[in-house]
Amino acid sequence: KEVAKTSDFHKSEMFGYRREELIGQPIDIVNAPTDTPIDRSDYLKQLHEAGTVKYEVLHRRKDGTVFPVEVSTTLIKVGERELLLGIDREITERKRLEAATRDNEEKLRAIYEGTHDAVMLLNEKGFFDCNPQTLKMFGFKTKAEFTAVHPSDVSPAFQPDGRDSLATSQAHIQTAYQQGYDSFEWVHRRTNGEDFPAEELLSAFDFGGQRVLQATVRDITARKRAEAASKEERQRFQTILETIRVPTFISRLSDGIVIYANQALAEVSKVNLDRLIGFQMGSFYANPDDRETVLESLRQYGHIEDFEVQFHRIDGSLYWALLSSRIMNYEGEACVLSSYVDITSRKQAEQALSESEAQFRSLFEQSADANLLIENGIFTDCNQATMEMMRATNKEEFLSLHPSQLSPEYQPDGRLSGEK
């Protein structure tokens, strides 16, 4: 039965006992219960053979708390007696760090194995590891099959721009080793001969005493198809707008910057089409309040229809337009599609008509002769001279009379006034 013969201050402090409390106590006083107790006979055998035994075990403090320690036990002889010299080192923090490291490694392994991107490791000799998605993406059955090929073997001989895949891939690998990373788009080839576009990131790091690269490959076939479809749709849309001979433009909702304009707008505004792109549309408005009215309607309703507004050209000349605008999504951002009809001629005609009517009204009212307007046998208006001649005091009452009421029943020649 092992008994504590002596104890230093630090050891007794570690366990929460006073030194004199430990002396003479069985060694099990500091041993925590365990599911796998140490085989004492085997333990003593190792001590006699090796002289020193190291192991990890759980100890227990006086207050009952359990903590891990690293024990180094040495068999020593003092005279005829064999004694054990035990050195205990608390390893709570080390165990915590080891557990955290294992947890991080498990997380990284889960990410490595579960990501939808192909992830592979390579050194100067070639591939030496990959995740399951790599095999699926490229069509290999086993890691051994994949790691047996050179990086250039999973690419066509030439890239779409005509570059040699082998030479170009080596250049990217060297860049990643030198700069720590390199990202680029690449065309890979599956084992069935199918080529596919990919987004690739090479990252350099130290692993197993050597500098290696992690290659992350993302299949962007779907994105490329969507981009191609979007480009085709955009070109079709712009062709339609160019065909329509109505000034049309698209501006960003956020800042009013023109990102598309057709030739019809350039002709009306007398600005070169290239200069229109990037132009601040708000600067076209002759009246800033009109701009605010349009924006408020767009914010509230999403559109505005047939709004009369006056624009000015670069040369300062003004023209009238009937504007219609609508919020739309264009190339992934909120924009405003606007078109308008030049109504300058109509506004000029309306102004001329208004001036003509004003001139007629002035002559009508200022005439010294009695002037009456009759429509369908009914008075519709009269001037002041008429009111004075007829000695009428109320214009509304006067106009309600029938023309025959302003004449005697018979004229001097004997005819009825109503017949004349």
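Q: By class, which residues make up the lining of the second largest cavity?
A: The model is a predicted one. The second largest cavity holds about 100 Å³ of space. Of the 15 residues that line this cavity, Ser251, Arg291, Leu295, Leu298 and Val336 are the closest to its centre. By class, the lining divides into nine nonpolar, four polar and two charged residues.

Q: Which element gives the largest share of the lining of the second largest cavity?
A: At least two lining residues come from each of β9 (248-252), α11 (288-301), β12 (318-330) and β13 (333-342). The largest share is four residues, and the element that supplies them is α11.

Q: What is the volume of the largest cavity?
A: The structure has two cavities of 30 Å³ or more. For the largest, the volume is about 150 Å³.

Q: How many charged residues are in the lining of the largest cavity?
A: The lining has 16 residues, and those nearest the centre of the cavity are Pro151, Ser169, His188, Glu200 and Leu202. At least two lining residues each come from β4 (118-123), α7 (165-179), β6 (181-189), β7 (195-207) and β8 (210-219). Eleven of the lining residues are nonpolar and four are polar, and the number that are charged is one.

Q: Is Asn123 buried or exposed?
A: Asn123 is part of strand β4. The cut-off for a buried residue is under 20% relative accessible area. Asn123 has 16% relative accessibility, so Asn123 counts as buried.

Q: Which residue has its backbone nitrogen 2.9 Å from a polar atom of the Asn123 side chain?
A: Leaving aside neighbours within four places in sequence, Asn123 is in contact with Phe128, Tyr177, Gln210 and Val212. The backbone nitrogen that lies 2.9 Å from a polar atom of the Asn123 side chain belongs to Lys125.

Q: What separates the C-alpha atoms of Gln210 and Glu124?
A: Gln210 has its place in strand β8 and is partly exposed, with a relative accessible area of 34%. Beyond its neighbours within four places in sequence, Gln210 is in contact with Asn123 and Phe205. Gln210 and Glu124 are 86 residues apart along the chain, and the separation of their C-alpha atoms is 9.9 Å.

Q: Why is the pair of Phe184 and Trp186 edge-to-face?
A: A search of the whole structure gives 15 aromatic pairs. In the pair of Phe184 and Trp186 the ring centres are 5.8 Å apart and the planes meet at 80°. Planes over 60 degrees apart count as edge-to-face, so with an angle of 80° this pair is edge-to-face.

Q: Are Phe184 and Trp186 buried or exposed?
A: The relative accessible area of Phe184 is 13%, so Phe184 is buried. Trp186 has 5% relative accessibility, so Trp186 also counts as buried.

Q: How many residues apart in sequence are the parts that Tyr319 and Tyr340 tie together?
A: Tyr319 and Tyr340 form a tilted aromatic pair, with 6.2 Å from centre to centre and 40° between the planes. Tyr319 lies in strand β12 and Tyr340 in strand β13, so the pair ties together parts whose distance in sequence is 21 residues.

Q: Which residues form one aromatic cluster?
A: A pair of aromatic rings is described by the distance of the centres and the angle of the planes. The rings pair if their centres lie within 6.5 Å. One aromatic cluster is formed by Phe127, Phe138, Phe140, Phe146 and Phe196.

Q: Which residue joins its side chain to that of Glu93 in a polar contact?
A: Glu93 lies in helix α4 (residues 92-114) and is partly exposed, with a relative accessible area of 43%. The polar contact has a length of 2.5 Å, and the side chain joined to Glu93 is that of Arg96.

Q: Which residue has the backbone oxygen that the side chain of Thr248 reaches?
A: Thr248 lies in strand β9 and is buried, with a relative accessible area of 5%. Its contacts, leaving aside neighbours within four places in sequence, are Leu241, Ala261, Asn262, Leu265, Leu337, Ser338 and Ser339. The side chain of Thr248 also reaches, at 2.9 Å, the backbone oxygen of Val246.

How values were computed. Residues numbered from 1 in each chain as written. Predicted model: local features only at pLDDT ≥ 70, side-chain atom pairs only at ≥ 80, totals over all residues. Heavy atoms only, no water. 1 Å grid on protein atoms, 1.4 Å probe; cavity = no way out; pocket = protein on both sides within 12 Å on 5 of 7 lines; lining within 4 Å. Points joined across faces, edges and corners; volume = space filled by probe spheres on them. Nonpolar A, V, L, I, M, F, W, Y, C, P; charged D, E, K, R; others polar. Buried < 20%, exposed > 50% of the residue type's maximum accessible area, 1.4 Å probe, protein only. Polar contact = N/O pair within 3.5 Å; in protein donor to acceptor, adjacent residues only side chain to side chain. Contact = heavy atoms within 4.5 Å. Phe/Tyr/Trp six-rings, centres within 6.5 Å; stacked < 30°, edge-to-face > 60°.
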